Amino acid sequence: MSTRTVSEIRADRAAKVGRALTALLAVTAYAVSWLVRRSWRRLLPFYWVAAELAVAWVAGPLGLSWQSVAILTLAIAAAAASWQARSRAVRAWRAAIAVVLGGSAVATVAAGGPAALVAHPTLTIAVPTLAGVVLGWPWWYHLRQRPPEPEPQPAPVVADAPAEVVDPLTAYWSQRWQREVVAQGVCAGTTLTRAVNPRPGVTEALVRLAPGTKPAPLFKAGPDVEVALDLDEGTVGWRSTGKTARLQIIIVERSYILTGVPWTGPTYAGGRCEIARFTDGSAGEWVFSRPAFGVLGGLVVGSSGSGKTRALGALIANLLDGGFQVAVGDPQNGQSLPAWRDAVEYHAGAEAVILLLRRFHAEVMRRSALLAAAGVDTYDEDDPRVKSLGLGKLMVIVDECQLVLIPNTPLVPLVEQAAETMRKTGAGLVLATQLPQMKSLGGSVRLRDALVAANALILRLSNRGSGTTILPDDFVGNPFALDREIDGKTTAGMGYLRHSNRVGMLCRVPHLDEVAVAAASPRVPMRWNVPQIDPATPIKAPTTKATAGGSPPAQGGGTAVDRLRAAFSSRPKTTTTTVVEQVAPQTPAEWVLACLRRGPASAQALLDRPDCPVNQSQLYTLLGRLKGSGRIVAPAQRGGPWTVSA
């Protein structure tokens with residue numbers, strides 16, 4: 001048995017007590033840390049109260065003034081408001097606690113510091129504690145809330161991604177487009193993205209344009225696309241989709257018009273009718289009137305034997321079916337449109353047609369005055385005011401108009417003014433000619449623009465002639481390239497319809513028996529609001545308003561120089577309208593430069609002009625020579641427009 005000394009026993013007891021105190025201290029520290037970690041947000045206002053009481057207690061021994069405590073309070077409030085938090089409400093709450101308890105600390109220090117705490121414990125201790133409880137309680141729940149953890153999602157089942165389904169038709173035409181069209185330098189910068197077959201032999205495709213690619217040259221690239229795709233009996237046509245980056249192209253492999261289009265009767269409905277059938281089988285419409293827009297006229301051009309008379313017969317039949325009053329002028333003494341002699345008001349002979357056009361001008365002016373007096377802005381046949389005036393829809397059709405519209409004659413400005421005014425009066429004018437020159441319209445560009453802005457049917461043309469062309473400047477299509485026969489089938493009635501949304505697509509007017517159609521058409525009596533024109537009465541050219549200086553009006557409008565001279569001249573002076581036909585330049589090079597100065601144009605567009613002085617090979621040689629000298633710039637793609645050098 002061993003014996004221990006007193007010192008050993010005491011040392012052993014001291015070691016046990018030390019170990020116990022160490023363990024108790026560790027447990028206490030852990031408990032305090034756990035309590036603070038778990039409940040510091042709930043007890044946060046009490047921490048702030050303790051800090052406020054500590055500042056008030058030590059202010060006396062440290063000699064702090066209430067101003068210093070106020071500055072410290074403001075700094076703490078600013079830090080609490082600007083410190084990052086989960087919401088602005090938390091920032092405002094922390095700033096409110098700092099301001100309220102800081103204000104209590106400032107008041108306690110100003111009242112004496114520790115002495116005030118001992119003398120007035122209710123105001124200096126109980127009130128701040130109560131304020132801390134009140135400020136802390138509404139936010140406990142808000143501060144304790146944590147964003148909900150997302151529920152565990154089941155692991156996605158990895159499956160084989162389905163392969164992208166490619167439409168076989170789209171893939172087929174996309175490959176053909178890239179290989180046969182784009183690869184040949186035609187329609188560069190385009191990609192075919194979708195294709196459908198609305199009808200057998202017809203493909204409607206959506207073409208996407210690369211950045212910087214302009215749609216205007218593509219519209220004129222129709223013949224090049226036809227050659228690239230080897231469409232012997234078909235054709236192509238473009239259609240705008242409303243988006244500059246996408247166009248729609250109609251590819252026809254089997255034409256619906258080569259064998260002719262049968263006449264199935266009038267199709268007048270809603271102010272328009274089917275005047276032609278496109279190669280894809282869709283209808284091409286001629287617009288006679290639009291709601292709240294008035295009555296429209298138009299222009300029909302076609303060489304002899306191209307089907308122009310047939311097109312006019314279809315127009316007349318639809319006009320009568322739509323209730324129009326129709327008057328026909330035939331300068332060839334009854335040889336034009338003879339089947340309609342008894343069905344409409346018919347004027348045969350050049351003199352009779354001149355009187356008809358003069359009466360039409362007077363009718364337009366009279367209708368304009370009547371409608372203006374009745375408060376009608378634009379003719380509407382359903383308007384009660386128009387019905388009370390008895391103004392019915394009226395259309396005047398003049399075939400072979402080149403025989404009466406002679407340049408530099410007073411009749412030209414008369415017809416020009418009527419064409420520019422007739423739309424709002426319910427009267428329309430349709431002119432037809434076989435010569436694609438401005439001389440056919442008396443050399444009047446204004447008359448041409450007034451007519452083609454409504455409708456223009458350009459049938460097959462074989463005589464380019466000389467002088468300026470009657471075709472619109474932005475016309476798409478090549479009526480000069482149509483032969484009289486294709487595979488032994490006549491092309492009479494085949495051409496291009498400008499009003500249609502098919503840009504540059506061939507169409508054909510229906511083949512009708514004019515005698516039978518005229519006999520079956522309804523009779524609509526003419527009602528003029530002006531008397532017949534006395535042939536002995538001289539033609540009075542249109543006049544303009546008098547100028548401010550008292551100068552009399554200039555006859556026929558005159559040119560800009562004539563109007564300026566009349567405005568600033570001290571002597572009364574009248575001028576007559578003089579229509580000067582444009583003269584082609586002396587040399588082919590000057591002619592090409594003059595055309596390109598008016599706007600970029602492709603080689604095909606230059607060849608299509610009736611006043612082109614050279615053939616195809618000579619033109620390409622001339623373009624190469626001008627390009628080599630730096631006077632013109634070659635197109636970016638084959639078939640694109642040439643431009644003049646800057």
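Analyst: Keep in mind that this is a predicted model. Let us start with strand β5, residues 272–278, and strand β6, residues 283–287. They run antiparallel, joined by 5 bridges.

User: What makes β5 and β6 a pair of strands?

Analyst: Pairing needs at least two bridges. β5 and β6 have 5 bridges, so they pair by the rule of at least two. In this pairing, E274 stands opposite E285 in β6. The hairpin has 4 residues between the strands, and G281 takes a positive phi near 90° there.

User: How do you know that β5 also pairs with β18?

Analyst: Again, count the bridges. β5 and β18 (residues 507–508) are joined by 2 bridges and run antiparallel. The rule asks for at least two, so this pair counts. Here F278 stands opposite C507 in β18.

User: Now the rings. How many aromatic pairs are there?

Analyst: The count comes to 6 aromatic pairs. One of them is formed by W177 and W238.

User: Why is the pair of W177 and W238 called edge-to-face?

Analyst: The centres lie 6.5 Å apart, and the planes stand at 80°.

User: What makes Y268 and F324 edge-to-face?

Analyst: Their ring centres are 6.3 Å apart and their planes are at 75°, so this pair is edge-to-face. Y268 sits in the loop between β4 and β5, and F324 in the loop between α11 and β10, so the pair ties together parts that are 56 residues apart in sequence. Y268 and F324 are both buried. Ring pairs also join Y268, F288 and F324 into a cluster.

User: How do you know that a charge sits over the ring of F293?

Analyst: Look at the distance from the ring centre. The charged end of R290 is 5.1 Å from the centre of the F293 ring. R423 lies over the face of F293 too, at 4.3 Å. The distance limit is within 6 Å, so the values for both arginines pass it.

User: Which residues have the most contacts inside the largest nonpolar core?

Analyst: They are W286, F288, I316, V326, W340 and L457, in a core of 47 residues. Helix α11 gives the most to this core, with 8 residues. V326 touches I316, L319 and L320, among others. Another core, of 43 residues, lies apart from it and includes L258, V301, V452 and L506.

User: Why are β1 and β3 called edge strands?

Analyst: The open sheet has 4 strands in the order β1-β2-β4-β3, with antiparallel pairing. β1 and β3 each pair on one side only, and that is what the label describes. Neighbouring strands of this sheet are turned by 25° against each other on average, direction ignored.

User: What makes β3 and β4 partners?

Analyst: They pair in the antiparallel sense over 6 bridges. The rule asks for at least two, so they qualify. One example is R239, whose bridge partner in β4 is Q248.

User: Where does α8 lie?

Analyst: α8 lies across β1, β2, β3 and β4, and runs at about 130° to β1.

Note on methods:
Residues numbered from 1 in each chain as written. Predicted model: local features only at pLDDT ≥ 70, side-chain atom pairs only at ≥ 80, totals over all residues. Heavy atoms only, no water. Phe/Tyr/Trp six-rings, centres within 6.5 Å; stacked < 30°, edge-to-face > 60°. Buried < 20%, exposed > 50% of the residue type's maximum accessible area, 1.4 Å probe, protein only. Lys NZ or Arg CZ within 6 Å of the ring centre and 35° of its normal. Core = buried A, V, L, I, M, F, W, Y, C linked by side-chain atoms within 4.5 Å. Contact = heavy atoms within 4.5 Å. Axes fitted to C-alpha atoms, helices over the stretch in contact; angles between N-to-C directions. Lists of a residue's contacts leave out its neighbours within four places in sequence.
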